[in-house]
Amino acid sequence: MAKDSLNQFFAFLWKAKEDVAEEEDHMHVVAISLFVTLLCACIVLGHLLEENRWMNESITALLLGLVSGFIVLVTSKGASSRVLQFNEELFFIYLLPPIIFNAGFQVKKKQFFRNFVAIMLFGVVGVFISFAIITVGTRYLFPKLGLTGLQISDYLAIGTIFSATDSVCVLQVLNQDATPLLYSLVFGEGVVNDATSVVLFRAVQKFDFADFTALEALLILGNFLYLFLTSTLLGILTGLLSAYIIKTLYFGRHSTDREIAIMTLMAYLSYILAELFSLSGILTVFFCGIVMSHYTWHNVTERSRVTTKHAFASMSFIAETFIFLYVGMDALDIDKWKTTSTSASQSLGVVVILLVLVLVGRAAFVFPLSALSNRIHKSGVTNISFRQQIIIWWAGLMRGAVSIALAFNQFTISGDTKNPDHATAITSTIGVVLFSTVVFGMFSKPLIGWLIPVGHGTVSDSDEAPPSPKGGLFFRPDLQAPLLEDGNRRASFYDGVHFTIQGMGRTSSIQALLGAPASTIHHFWRSFDDSYMRPVFGGRGFVPIVPSSIEEEDHN
(Lines give C-alpha, C1' and ligand atoms only; values in the text may rest on other atoms or scores of the structure.)
Protein backbone atom coordinates (compact mmCIF):
# COMPACT_ATOMS: atom_id res chain seq x y z
CA MET A 1 0.00 0.00 0.00
CA ALA A 2 2.79 2.38 0.97
CA LYS A 3 4.63 1.45 -2.22
CA ASP A 4 1.59 2.29 -4.35
CA SER A 5 1.21 5.64 -2.61
CA LEU A 6 4.88 6.41 -3.19
CA ASN A 7 4.54 5.54 -6.89
CA GLN A 8 1.48 7.76 -7.18
CA PHE A 9 3.39 10.58 -5.50
CA PHE A 10 6.32 10.30 -7.94
CA ALA A 11 3.90 10.06 -10.86
CA PHE A 12 2.24 13.26 -9.65
CA LEU A 13 5.62 15.03 -9.42
CA TRP A 14 6.60 13.85 -12.90
CA LYS A 15 3.29 15.02 -14.33
CA ALA A 16 3.69 18.41 -12.63
CA LYS A 17 7.22 18.70 -14.04
CA GLU A 18 5.97 17.92 -17.54
CA ASP A 19 3.20 20.51 -17.18
CA VAL A 20 5.73 23.16 -16.10
CA ALA A 21 8.04 22.30 -19.01
CA GLU A 22 5.13 22.42 -21.44
CA GLU A 23 4.07 25.81 -20.06
CA GLU A 24 7.63 27.15 -20.41
CA ASP A 25 7.80 25.93 -24.01
CA HIS A 26 4.49 27.61 -24.70
CA MET A 27 5.78 30.88 -23.21
CA HIS A 28 8.88 30.68 -25.43
CA VAL A 29 6.68 30.24 -28.50
CA VAL A 30 4.55 33.21 -27.39
CA ALA A 31 7.65 35.36 -26.88
CA ILE A 32 9.14 34.44 -30.26
CA SER A 33 5.82 35.04 -32.03
CA LEU A 34 5.52 38.43 -30.33
CA PHE A 35 9.04 39.52 -31.27
CA VAL A 36 8.74 38.38 -34.90
CA THR A 37 5.46 40.27 -35.22
CA LEU A 38 7.03 43.38 -33.73
CA LEU A 39 10.04 43.08 -36.03
CA CYS A 40 7.74 43.09 -39.04
CA ALA A 41 5.90 46.09 -37.61
CA CYS A 42 9.23 47.92 -37.06
CA ILE A 43 10.28 47.38 -40.66
CA VAL A 44 6.95 48.69 -41.96
CA LEU A 45 6.92 51.70 -39.61
CA GLY A 46 10.58 52.44 -40.31
CA HIS A 47 9.79 52.55 -44.03
CA LEU A 48 6.82 54.85 -43.50
CA LEU A 49 8.84 57.18 -41.24
CA GLU A 50 11.92 57.22 -43.49
CA GLU A 51 11.59 60.93 -44.26
CA ASN A 52 10.43 61.97 -40.79
CA ARG A 53 12.52 64.74 -39.26
CA TRP A 54 12.52 63.35 -35.73
CA MET A 55 12.10 59.59 -35.92
CA ASN A 56 14.34 56.77 -37.15
CA GLU A 57 14.20 52.99 -37.04
CA SER A 58 16.10 52.71 -33.74
CA ILE A 59 13.75 55.05 -31.89
CA THR A 60 10.73 53.42 -33.54
CA ALA A 61 11.84 49.96 -32.38
CA LEU A 62 12.57 51.17 -28.86
CA LEU A 63 9.21 52.93 -28.48
CA LEU A 64 7.36 49.99 -30.00
CA GLY A 65 9.10 47.71 -27.49
CA LEU A 66 8.05 49.97 -24.62
CA VAL A 67 4.43 50.05 -25.77
CA SER A 68 4.33 46.29 -26.31
CA GLY A 69 5.96 45.64 -22.95
CA PHE A 70 3.40 47.86 -21.24
CA ILE A 71 0.51 46.05 -22.95
CA VAL A 72 1.89 42.63 -22.00
CA LEU A 73 2.50 43.78 -18.44
CA VAL A 74 -1.02 45.16 -18.02
CA THR A 75 -2.85 42.26 -19.64
CA SER A 76 -0.90 39.65 -17.66
CA LYS A 77 -0.97 41.71 -14.43
CA GLY A 78 2.79 41.31 -14.13
CA ALA A 79 2.72 37.52 -14.38
CA SER A 80 4.47 37.47 -17.79
CA SER A 81 7.21 39.98 -17.01
CA ARG A 82 9.81 37.22 -17.42
CA VAL A 83 8.98 37.16 -21.13
CA LEU A 84 10.46 40.65 -21.29
CA GLN A 85 13.73 39.98 -19.47
CA PHE A 86 16.99 40.95 -21.18
CA ASN A 87 19.16 37.88 -21.79
CA GLU A 88 22.85 38.71 -21.77
CA GLU A 89 23.87 35.42 -23.42
CA LEU A 90 21.37 35.91 -26.25
CA PHE A 91 22.73 39.40 -26.85
CA PHE A 92 26.46 38.58 -26.84
CA ILE A 93 26.36 35.16 -28.52
CA TYR A 94 23.65 35.56 -31.17
CA LEU A 95 22.65 39.21 -31.74
CA LEU A 96 25.91 41.16 -31.52
CA PRO A 97 28.18 39.09 -33.87
CA PRO A 98 26.26 39.74 -37.14
CA ILE A 99 26.11 43.48 -36.40
CA ILE A 100 29.83 43.86 -35.73
CA PHE A 101 30.88 41.52 -38.54
CA ASN A 102 28.77 43.40 -41.08
CA ALA A 103 30.28 46.67 -39.82
CA GLY A 104 33.75 45.38 -40.68
CA PHE A 105 32.62 43.65 -43.88
CA GLN A 106 30.87 46.73 -45.30
CA VAL A 107 33.34 49.37 -44.11
CA LYS A 108 35.09 51.51 -46.70
CA LYS A 109 38.57 50.43 -45.80
CA LYS A 110 40.39 53.35 -47.40
CA GLN A 111 38.46 55.90 -45.37
CA PHE A 112 38.73 53.79 -42.22
CA PHE A 113 42.49 53.38 -42.35
CA ARG A 114 43.10 56.92 -43.63
CA ASN A 115 41.41 58.14 -40.42
CA PHE A 116 42.79 55.29 -38.32
CA VAL A 117 44.76 57.56 -35.97
CA ALA A 118 41.71 59.71 -35.17
CA ILE A 119 39.48 56.64 -34.81
CA MET A 120 41.89 55.00 -32.38
CA LEU A 121 42.27 58.25 -30.43
CA PHE A 122 38.48 58.51 -30.01
CA GLY A 123 37.79 54.79 -29.63
CA VAL A 124 40.64 53.85 -27.27
CA VAL A 125 42.15 56.91 -25.59
CA GLY A 126 38.72 58.53 -25.39
CA VAL A 127 37.26 55.51 -23.61
CA PHE A 128 39.94 55.73 -20.92
CA ILE A 129 39.30 59.45 -20.40
CA SER A 130 35.53 58.96 -20.22
CA PHE A 131 36.03 55.91 -17.99
CA ALA A 132 38.12 57.92 -15.52
CA ILE A 133 35.68 60.85 -15.37
CA ILE A 134 32.57 58.68 -14.92
CA THR A 135 34.25 56.42 -12.34
CA VAL A 136 35.52 59.32 -10.19
CA GLY A 137 32.27 61.26 -10.57
CA THR A 138 30.01 58.39 -9.50
CA ARG A 139 32.37 57.40 -6.67
CA TYR A 140 32.08 60.91 -5.25
CA LEU A 141 28.39 61.69 -5.96
CA PHE A 142 26.51 58.39 -5.55
CA PRO A 143 27.05 58.08 -1.77
CA LYS A 144 25.50 61.55 -1.38
CA LEU A 145 22.28 60.08 -2.81
CA GLY A 146 22.27 57.13 -0.43
CA LEU A 147 23.98 54.50 -2.63
CA THR A 148 26.50 53.25 -0.10
CA GLY A 149 26.53 49.56 -0.98
CA LEU A 150 28.69 49.79 -4.11
CA GLN A 151 32.32 48.64 -4.07
CA ILE A 152 35.28 50.14 -5.96
CA SER A 153 34.95 47.35 -8.54
CA ASP A 154 31.31 48.39 -9.07
CA TYR A 155 32.30 52.02 -9.71
CA LEU A 156 35.00 50.95 -12.15
CA ALA A 157 32.44 48.76 -13.90
CA ILE A 158 30.02 51.71 -14.10
CA GLY A 159 32.81 53.73 -15.71
CA THR A 160 33.16 51.16 -18.48
CA ILE A 161 29.40 50.57 -18.81
CA PHE A 162 28.70 54.24 -19.56
CA SER A 163 31.76 54.66 -21.79
CA ALA A 164 30.22 52.25 -24.34
CA THR A 165 28.47 54.36 -26.99
CA ASP A 166 25.71 53.53 -29.45
CA SER A 167 25.99 55.72 -32.55
CA VAL A 168 23.36 53.86 -34.61
CA CYS A 169 20.89 56.76 -34.50
CA VAL A 170 23.41 59.22 -35.93
CA LEU A 171 24.74 56.77 -38.53
CA GLN A 172 21.18 56.33 -39.81
CA VAL A 173 21.12 60.08 -40.50
CA LEU A 174 24.62 60.59 -41.92
CA ASN A 175 25.23 60.08 -45.64
CA GLN A 176 28.40 58.07 -46.25
CA ASP A 177 28.90 59.50 -49.75
CA ALA A 178 28.20 63.15 -48.85
CA THR A 179 30.29 63.19 -45.65
CA PRO A 180 32.75 60.27 -45.88
CA LEU A 181 35.19 61.69 -43.31
CA LEU A 182 32.50 62.30 -40.69
CA TYR A 183 30.78 58.97 -41.35
CA SER A 184 34.08 57.11 -41.14
CA LEU A 185 34.98 58.75 -37.82
CA VAL A 186 31.57 58.16 -36.20
CA PHE A 187 31.28 54.62 -37.55
CA GLY A 188 34.88 53.62 -36.76
CA GLU A 189 34.83 55.11 -33.30
CA GLY A 190 31.52 53.42 -32.50
CA VAL A 191 32.87 49.93 -33.25
CA VAL A 192 36.28 50.46 -31.62
CA ASN A 193 34.63 52.15 -28.63
CA ASP A 194 32.34 49.20 -27.94
CA ALA A 195 35.21 46.75 -28.31
CA THR A 196 37.46 48.81 -26.04
CA SER A 197 34.74 49.16 -23.41
CA VAL A 198 34.10 45.41 -23.35
CA VAL A 199 37.82 44.61 -23.20
CA LEU A 200 38.36 47.16 -20.42
CA PHE A 201 35.32 45.81 -18.57
CA ARG A 202 36.74 42.28 -18.64
CA ALA A 203 40.18 43.53 -17.60
CA VAL A 204 38.63 45.30 -14.61
CA GLN A 205 36.65 42.20 -13.62
CA LYS A 206 39.79 40.06 -13.39
CA PHE A 207 41.34 41.99 -10.50
CA ASP A 208 40.66 42.14 -6.78
CA PHE A 209 40.39 45.74 -5.64
CA ALA A 210 40.46 45.11 -1.91
CA ASP A 211 44.01 46.50 -1.88
CA PHE A 212 44.20 48.66 -4.99
CA THR A 213 47.64 50.02 -5.85
CA ALA A 214 49.41 51.65 -8.79
CA LEU A 215 50.69 48.19 -9.71
CA GLU A 216 47.09 47.00 -10.11
CA ALA A 217 46.43 49.89 -12.50
CA LEU A 218 49.45 48.88 -14.60
CA LEU A 219 48.28 45.27 -14.61
CA ILE A 220 44.84 46.37 -15.86
CA LEU A 221 46.50 48.35 -18.65
CA GLY A 222 48.74 45.40 -19.57
CA ASN A 223 45.79 43.01 -19.58
CA PHE A 224 43.84 45.44 -21.75
CA LEU A 225 46.66 45.67 -24.30
CA TYR A 226 47.01 41.87 -24.34
CA LEU A 227 43.27 41.35 -24.97
CA PHE A 228 43.19 44.10 -27.59
CA LEU A 229 46.15 42.80 -29.62
CA THR A 230 45.37 39.08 -29.39
CA SER A 231 41.71 39.62 -30.30
CA THR A 232 42.69 41.64 -33.35
CA LEU A 233 45.28 39.05 -34.41
CA LEU A 234 42.77 36.20 -34.07
CA GLY A 235 40.29 38.02 -36.32
CA ILE A 236 42.93 38.67 -38.98
CA LEU A 237 44.15 35.06 -38.95
CA THR A 238 40.62 33.66 -39.21
CA GLY A 239 39.82 35.97 -42.12
CA LEU A 240 43.02 34.98 -43.92
CA LEU A 241 42.28 31.30 -43.35
CA SER A 242 38.83 31.67 -44.93
CA ALA A 243 40.36 33.46 -47.93
CA TYR A 244 42.99 30.75 -48.40
CA ILE A 245 40.47 27.90 -48.12
CA ILE A 246 38.05 29.42 -50.63
CA LYS A 247 40.81 30.45 -53.06
CA THR A 248 42.46 27.02 -52.93
CA LEU A 249 39.45 24.72 -52.99
CA TYR A 250 37.25 26.66 -55.48
CA PHE A 251 33.89 25.77 -53.93
CA GLY A 252 32.16 27.67 -56.73
CA ARG A 253 32.96 24.88 -59.21
CA HIS A 254 30.21 22.77 -57.67
CA SER A 255 28.06 24.98 -55.46
CA THR A 256 27.93 28.64 -54.56
CA ASP A 257 26.02 27.59 -51.43
CA ARG A 258 29.23 26.14 -50.01
CA GLU A 259 31.08 29.40 -50.56
CA ILE A 260 28.41 31.35 -48.71
CA ALA A 261 28.17 28.74 -45.95
CA ILE A 262 31.94 28.63 -45.30
CA MET A 263 32.17 32.43 -45.21
CA THR A 264 29.28 32.72 -42.76
CA LEU A 265 30.46 29.90 -40.50
CA MET A 266 34.08 31.04 -40.36
CA ALA A 267 32.99 34.59 -39.55
CA TYR A 268 30.95 33.28 -36.63
CA LEU A 269 33.75 30.88 -35.68
CA SER A 270 36.11 33.81 -35.19
CA TYR A 271 33.71 35.32 -32.64
CA ILE A 272 33.12 32.04 -30.80
CA LEU A 273 36.85 31.27 -30.63
CA ALA A 274 37.47 34.70 -29.12
CA GLU A 275 34.82 34.05 -26.47
CA LEU A 276 36.25 30.56 -25.87
CA PHE A 277 39.70 32.02 -25.17
CA SER A 278 38.23 34.90 -23.09
CA LEU A 279 39.19 37.51 -25.68
CA SER A 280 37.11 40.29 -27.22
CA GLY A 281 34.74 38.77 -29.75
CA ILE A 282 33.77 42.26 -30.96
CA LEU A 283 37.31 43.13 -32.02
CA THR A 284 37.92 39.68 -33.46
CA VAL A 285 34.83 39.52 -35.66
CA PHE A 286 35.23 43.16 -36.75
CA PHE A 287 38.75 42.65 -38.10
CA CYS A 288 37.70 39.27 -39.51
CA GLY A 289 35.05 41.16 -41.48
CA ILE A 290 37.62 43.66 -42.79
CA VAL A 291 39.98 40.89 -43.91
CA MET A 292 37.14 38.89 -45.51
CA SER A 293 35.98 41.93 -47.49
CA HIS A 294 39.57 42.55 -48.66
CA TYR A 295 40.43 38.98 -49.66
CA THR A 296 37.69 36.36 -49.23
CA TRP A 297 34.85 38.30 -50.86
CA HIS A 298 36.83 38.71 -54.08
CA ASN A 299 37.64 34.98 -54.25
CA VAL A 300 34.05 33.80 -54.53
CA THR A 301 31.85 33.83 -57.62
CA GLU A 302 29.87 36.90 -58.56
CA ARG A 303 26.61 35.24 -57.52
CA SER A 304 28.03 34.52 -54.06
CA ARG A 305 29.21 38.11 -53.76
CA VAL A 306 25.70 39.40 -54.42
CA THR A 307 24.23 36.98 -51.89
CA THR A 308 26.76 37.55 -49.10
CA LYS A 309 26.61 41.31 -49.42
CA HIS A 310 22.84 41.43 -48.91
CA ALA A 311 22.61 38.45 -46.53
CA PHE A 312 25.12 39.91 -44.04
CA ALA A 313 23.47 43.34 -44.24
CA SER A 314 20.01 41.81 -43.68
CA MET A 315 21.14 39.75 -40.68
CA SER A 316 22.74 42.83 -39.16
CA PHE A 317 19.61 44.92 -39.73
CA ILE A 318 17.32 42.31 -38.14
CA ALA A 319 19.62 41.84 -35.13
CA GLU A 320 19.93 45.59 -34.63
CA THR A 321 16.17 46.11 -34.71
CA PHE A 322 15.63 43.13 -32.44
CA ILE A 323 18.03 44.59 -29.86
CA PHE A 324 16.18 47.90 -29.65
CA LEU A 325 12.87 46.05 -29.32
CA TYR A 326 14.39 43.83 -26.67
CA VAL A 327 15.73 46.77 -24.67
CA GLY A 328 12.38 48.57 -24.83
CA MET A 329 10.45 45.53 -23.58
CA ASP A 330 13.00 44.68 -20.88
CA ALA A 331 12.67 48.16 -19.42
CA LEU A 332 9.27 47.09 -18.08
CA ASP A 333 10.45 43.91 -16.39
CA ILE A 334 8.77 44.63 -13.05
CA ASP A 335 11.10 42.54 -10.88
CA LYS A 336 14.06 44.92 -11.22
CA TRP A 337 11.98 47.92 -10.22
CA LYS A 338 10.58 46.11 -7.16
CA THR A 339 14.06 45.22 -5.85
CA THR A 340 15.49 48.74 -5.78
CA SER A 341 15.08 50.56 -2.46
CA THR A 342 15.74 54.12 -3.68
CA SER A 343 12.93 56.64 -3.93
CA ALA A 344 11.79 58.13 -7.22
CA SER A 345 13.71 61.36 -6.56
CA GLN A 346 16.90 59.43 -5.73
CA SER A 347 16.59 57.30 -8.87
CA LEU A 348 16.04 60.42 -10.95
CA GLY A 349 19.09 61.99 -9.32
CA VAL A 350 21.24 58.97 -10.21
CA VAL A 351 20.09 59.10 -13.85
CA VAL A 352 20.75 62.86 -14.06
CA ILE A 353 24.26 62.43 -12.60
CA LEU A 354 25.06 59.70 -15.08
CA LEU A 355 23.79 61.77 -18.03
CA VAL A 356 25.82 64.82 -16.94
CA LEU A 357 28.96 62.71 -16.51
CA VAL A 358 28.40 61.17 -19.96
CA LEU A 359 28.10 64.67 -21.47
CA VAL A 360 31.20 65.96 -19.67
CA GLY A 361 33.25 62.81 -20.22
CA ARG A 362 32.44 62.88 -23.93
CA ALA A 363 33.38 66.55 -24.33
CA ALA A 364 36.58 66.03 -22.31
CA PHE A 365 38.14 63.95 -25.07
CA VAL A 366 36.36 64.71 -28.36
CA PHE A 367 37.52 68.32 -28.70
CA PRO A 368 41.11 67.94 -27.36
CA LEU A 369 41.72 64.72 -29.32
CA SER A 370 40.26 66.29 -32.48
CA ALA A 371 42.78 69.12 -32.14
CA LEU A 372 45.55 66.56 -31.60
CA SER A 373 44.43 64.58 -34.66
CA ASN A 374 44.41 67.74 -36.80
CA ARG A 375 47.89 68.59 -35.61
CA ILE A 376 49.18 65.09 -36.38
CA HIS A 377 47.74 64.92 -39.89
CA LYS A 378 48.19 68.56 -40.94
CA SER A 379 46.08 67.83 -44.00
CA GLY A 380 42.83 69.37 -45.17
CA VAL A 381 41.61 65.97 -46.33
CA THR A 382 41.49 64.55 -42.81
CA ASN A 383 41.05 67.79 -40.89
CA ILE A 384 38.10 67.67 -38.44
CA SER A 385 36.18 70.94 -38.42
CA PHE A 386 34.51 72.30 -35.29
CA ARG A 387 31.03 71.50 -36.65
CA GLN A 388 32.11 67.93 -37.30
CA GLN A 389 33.51 67.74 -33.76
CA ILE A 390 30.09 68.72 -32.38
CA ILE A 391 28.44 65.94 -34.38
CA ILE A 392 31.05 63.42 -33.21
CA TRP A 393 30.44 64.54 -29.62
CA TRP A 394 26.67 64.22 -30.07
CA ALA A 395 26.92 60.82 -31.80
CA GLY A 396 28.58 59.31 -28.73
CA LEU A 397 26.00 60.51 -26.21
CA MET A 398 23.57 57.66 -26.89
CA ARG A 399 23.88 54.50 -24.82
CA GLY A 400 22.50 51.15 -25.97
CA ALA A 401 22.34 47.41 -25.51
CA VAL A 402 26.09 47.01 -24.84
CA SER A 403 25.72 49.17 -21.71
CA ILE A 404 22.71 47.15 -20.55
CA ALA A 405 24.47 43.84 -21.22
CA LEU A 406 27.56 44.91 -19.24
CA ALA A 407 25.35 46.18 -16.40
CA PHE A 408 23.57 42.82 -16.21
CA ASN A 409 26.93 41.05 -16.22
CA GLN A 410 28.21 43.13 -13.31
CA PHE A 411 25.13 43.53 -11.14
CA THR A 412 23.09 40.34 -11.64
CA ILE A 413 23.49 36.59 -11.32
CA SER A 414 21.56 34.72 -14.03
CA GLY A 415 19.55 37.88 -14.64
CA ASP A 416 18.48 38.32 -10.98
CA THR A 417 19.74 40.53 -8.18
CA LYS A 418 18.76 40.78 -4.53
CA ASN A 419 21.00 43.76 -3.75
CA PRO A 420 18.93 47.01 -3.78
CA ASP A 421 21.93 49.15 -4.84
CA HIS A 422 22.71 46.76 -7.67
CA ALA A 423 19.07 46.88 -8.76
CA THR A 424 19.31 50.68 -8.74
CA ALA A 425 22.36 50.49 -10.98
CA ILE A 426 20.41 48.30 -13.41
CA THR A 427 17.31 50.51 -13.50
CA SER A 428 19.47 53.65 -13.82
CA THR A 429 21.27 52.11 -16.78
CA ILE A 430 17.92 51.40 -18.43
CA GLY A 431 16.81 54.97 -17.71
CA VAL A 432 19.94 56.46 -19.28
CA VAL A 433 19.62 54.20 -22.34
CA LEU A 434 15.96 55.10 -22.87
CA PHE A 435 16.44 58.84 -22.38
CA SER A 436 19.63 59.14 -24.46
CA THR A 437 18.33 57.02 -27.33
CA VAL A 438 14.91 58.66 -27.58
CA VAL A 439 15.71 62.30 -26.72
CA PHE A 440 19.23 62.64 -28.11
CA GLY A 441 18.33 60.39 -31.05
CA MET A 442 15.29 62.48 -31.98
CA PHE A 443 17.38 65.63 -32.17
CA SER A 444 20.15 64.01 -34.24
CA LYS A 445 18.64 64.66 -37.66
CA PRO A 446 17.73 68.33 -36.99
CA LEU A 447 21.17 68.97 -35.43
CA ILE A 448 23.06 67.44 -38.36
CA GLY A 449 20.81 69.26 -40.84
CA TRP A 450 21.63 72.54 -39.11
CA LEU A 451 25.38 71.95 -38.81
CA ILE A 452 25.83 70.40 -42.27
CA PRO A 453 23.19 71.78 -44.64
CA VAL A 454 22.34 69.82 -47.79
CA GLY A 455 24.97 70.44 -50.45
CA HIS A 456 27.68 71.35 -47.95
CA GLY A 457 29.29 67.92 -47.62
CA THR A 458 32.97 67.37 -47.22
CA VAL A 459 34.08 67.57 -50.82
CA SER A 460 37.78 67.21 -50.17
CA ASP A 461 37.49 63.68 -48.87
CA SER A 462 34.78 62.40 -51.16
CA ASP A 463 36.96 60.18 -53.26
CA GLU A 464 35.80 56.61 -53.45
CA ALA A 465 37.41 53.63 -51.84
CA PRO A 466 38.51 50.62 -53.85
CA PRO A 467 35.77 48.12 -54.67
CA SER A 468 34.27 46.54 -51.58
CA PRO A 469 31.00 44.90 -50.50
CA LYS A 470 29.76 48.31 -49.41
CA GLY A 471 30.51 49.94 -52.71
CA GLY A 472 28.72 47.39 -54.88
CA LEU A 473 29.74 44.48 -57.04
CA PHE A 474 31.14 46.13 -60.14
CA PHE A 475 34.09 48.41 -60.67
CA ARG A 476 33.45 52.03 -61.52
CA PRO A 477 34.74 52.69 -65.06
CA ASP A 478 36.58 55.85 -64.02
CA LEU A 479 38.37 54.04 -61.22
CA GLN A 480 39.01 50.69 -62.87
CA ALA A 481 41.80 51.71 -65.23
CA PRO A 482 44.16 53.62 -62.91
CA LEU A 483 43.75 51.35 -59.92
CA LEU A 484 43.49 47.84 -61.23
CA GLU A 485 44.55 47.68 -64.84
CA ASP A 486 47.56 48.43 -66.97
CA GLY A 487 45.43 48.18 -70.08
CA ASN A 488 45.62 44.39 -70.38
CA ARG A 489 43.22 41.75 -69.12
CA ARG A 490 44.65 38.26 -69.15
CA ALA A 491 42.42 35.22 -69.07
CA SER A 492 43.53 31.87 -67.73
CA PHE A 493 42.06 28.52 -66.83
CA TYR A 494 43.13 26.59 -63.79
CA ASP A 495 41.65 23.29 -62.72
CA GLY A 496 38.40 23.91 -64.57
CA VAL A 497 37.87 27.43 -63.17
CA HIS A 498 38.22 30.56 -65.25
CA PHE A 499 40.03 33.49 -63.63
CA THR A 500 40.30 37.09 -64.69
CA ILE A 501 43.62 38.46 -63.50
CA GLN A 502 43.96 42.20 -63.69
CA GLY A 503 47.38 43.81 -63.68
CA MET A 504 48.14 46.33 -60.99
CA GLY A 505 48.74 49.95 -61.92
CA ARG A 506 51.90 51.87 -61.21
CA THR A 507 52.37 53.78 -57.95
CA SER A 508 51.73 57.06 -59.72
CA SER A 509 48.33 55.76 -60.89
CA ILE A 510 47.33 54.89 -57.34
CA GLN A 511 48.44 58.33 -56.16
CA ALA A 512 46.42 59.96 -58.90
CA LEU A 513 43.37 58.04 -57.68
CA LEU A 514 43.88 59.11 -54.09
CA GLY A 515 44.19 62.73 -55.14
CA ALA A 516 47.29 63.16 -53.00
CA PRO A 517 50.67 61.45 -52.63
CA ALA A 518 50.30 58.14 -50.83
CA SER A 519 51.82 57.94 -47.38
CA THR A 520 54.93 55.89 -46.86
CA ILE A 521 53.08 53.30 -44.76
CA HIS A 522 50.31 52.99 -47.33
CA HIS A 523 52.84 52.64 -50.17
CA PHE A 524 54.75 49.86 -48.42
CA TRP A 525 51.52 48.08 -47.47
CA ARG A 526 50.26 48.14 -51.06
CA SER A 527 53.59 46.79 -52.32
CA PHE A 528 53.60 44.05 -49.68
CA ASP A 529 49.94 43.22 -50.33
CA ASP A 530 50.43 42.97 -54.11
CA SER A 531 53.67 40.99 -53.90
CA TYR A 532 53.01 38.54 -51.07
CA MET A 533 49.45 38.56 -49.71
CA ARG A 534 47.28 38.50 -52.83
CA PRO A 535 49.18 35.69 -54.57
CA VAL A 536 48.49 33.53 -51.50
CA PHE A 537 45.10 34.74 -50.29
CA GLY A 538 43.59 36.18 -53.47
CA GLY A 539 41.57 39.36 -53.37
CA ARG A 540 40.81 42.16 -55.79
CA GLY A 541 42.37 41.44 -59.18
CA PHE A 542 42.10 37.65 -58.77
CA VAL A 543 38.41 36.95 -59.26
CA PRO A 544 37.14 33.42 -60.00
CA ILE A 545 34.40 33.08 -62.59
CA VAL A 546 32.71 29.71 -62.99
CA PRO A 547 32.02 28.97 -66.69
CA SER A 548 28.77 27.12 -65.99
CA SER A 549 27.35 30.06 -64.04
CA ILE A 550 28.27 32.46 -66.86
CA GLU A 551 26.54 30.31 -69.47
CA GLU A 552 23.46 30.04 -67.28
CA GLU A 553 23.33 33.81 -66.75
CA ASP A 554 23.81 34.47 -70.48
CA HIS A 555 21.04 31.98 -71.26
CA ASN A 556 18.70 33.73 -68.83
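Trainee: Where is Arg139 found?
Mentor: Arg139 is found in helix H5, and please keep in mind throughout our talk that this is a predicted model.

Trainee: Is Arg139 buried, exposed or partly exposed?
Mentor: Arg139 is partly exposed, because its relative accessible area is 44%. The C-alpha atom of Arg139 is separated by 9.1 Å from that of Gln151, a residue 12 places away along the chain.

Trainee: Staying with that region, which charged end sits over the ring of Tyr140?
Mentor: That is the charged end of Lys144, which sits 4.7 Å from the centre of the Tyr140 ring. Another case of this kind is Arg305, which lies over the face of Trp297 at 5.7 Å from the ring centre.

Trainee: And rings with rings, how many aromatic pairs does the count come to?
Mentor: The count comes to 23 aromatic pairs. One of them joins Phe142 and Tyr155, a tilted pair with 6.4 Å from centre to centre and 50° between the planes.

Trainee: What does the pair of Phe142 and Tyr155 tie together?
Mentor: Phe142 lies in the loop between helix H5 (116-141) and helix H6 (152-161), while Tyr155 lies in helix H6, so the pair ties together parts that are 13 residues apart in sequence. Phe142 is buried, with a relative accessible area of 2%, and Tyr155 is buried as well, with a value of 1%.

Trainee: Which residues do ring pairs link into a cluster?
Mentor: Phe112, Phe113, Phe116, Phe286 and Phe287 are linked into a cluster by ring pairs.

Trainee: Switching to loops, where is Ser280 found, and is it buried or exposed?
Mentor: Ser280 is found in the loop between helix H10 (256-276) and helix H11 (281-299), and it is buried, because its relative accessible area is 1%. If we leave aside neighbours within four places in sequence, Ser280 is in contact with Ala195, Val199, Arg202, Ser231 and Ala274.

Trainee: What about Ser278, what is its phi?
Mentor: Ser278 has a positive phi of about 60°, although it is not a glycine. Its place is in the loop between H10 and H11, and Ser278 is partly exposed, with a relative accessible area of 41%.

Trainee: And what is phi for Tyr250?
Mentor: Phi of Tyr250 is near 50°, which is a positive value in a residue other than glycine. Tyr250 has its place in the loop between helix H9 (214-249) and H10, and it is buried, with a relative accessible area of 12%.

Trainee: Now helix packing: how do H14 and H15 cross?
Mentor: The axes of helix H14 (residues 344-377) and helix H15 (residues 386-395) come within 9 Å and cross at roughly 145°, and H14 passes H15 in a right-handed crossing.

Trainee: Which residues meet there?
Mentor: From H14 the residues are Leu359, Arg362, Ala363, Val366, Phe367, Ser370 and Asn374, and they meet Phe386, Gln389, Ile390, Ile392 and Trp393 in H15. The residues of this contact divide into eight nonpolar, three polar and one charged.

Trainee: Last one, how many helices and strands are there in the protein chain?
Mentor: There are 22 helices and three strands in the protein chain, and buried residues make up 53% of its 556 residues. Among contacts between residues at least 6 apart in sequence, 82% join residues at least 24 apart.

Definitions and conventions
Residues numbered from 1 in each chain as written. Predicted model: local features only at pLDDT ≥ 70, side-chain atom pairs only at ≥ 80, totals over all residues. Heavy atoms only, no water. Axes fitted to C-alpha atoms, helices over the stretch in contact; angles between N-to-C directions. Helix = DSSP H or I, 4+ residues; strand = E, 2+ residues; numbered from the N terminus. Left-handed = near helix turned anticlockwise from the far one by under 90°. Contact = heavy atoms within 4.5 Å. Nonpolar A, V, L, I, M, F, W, Y, C, P; charged D, E, K, R; others polar. Phe/Tyr/Trp six-rings, centres within 6.5 Å; stacked < 30°, edge-to-face > 60°. Buried < 20%, exposed > 50% of the residue type's maximum accessible area, 1.4 Å probe, protein only. Lys NZ or Arg CZ within 6 Å of the ring centre and 35° of its normal.
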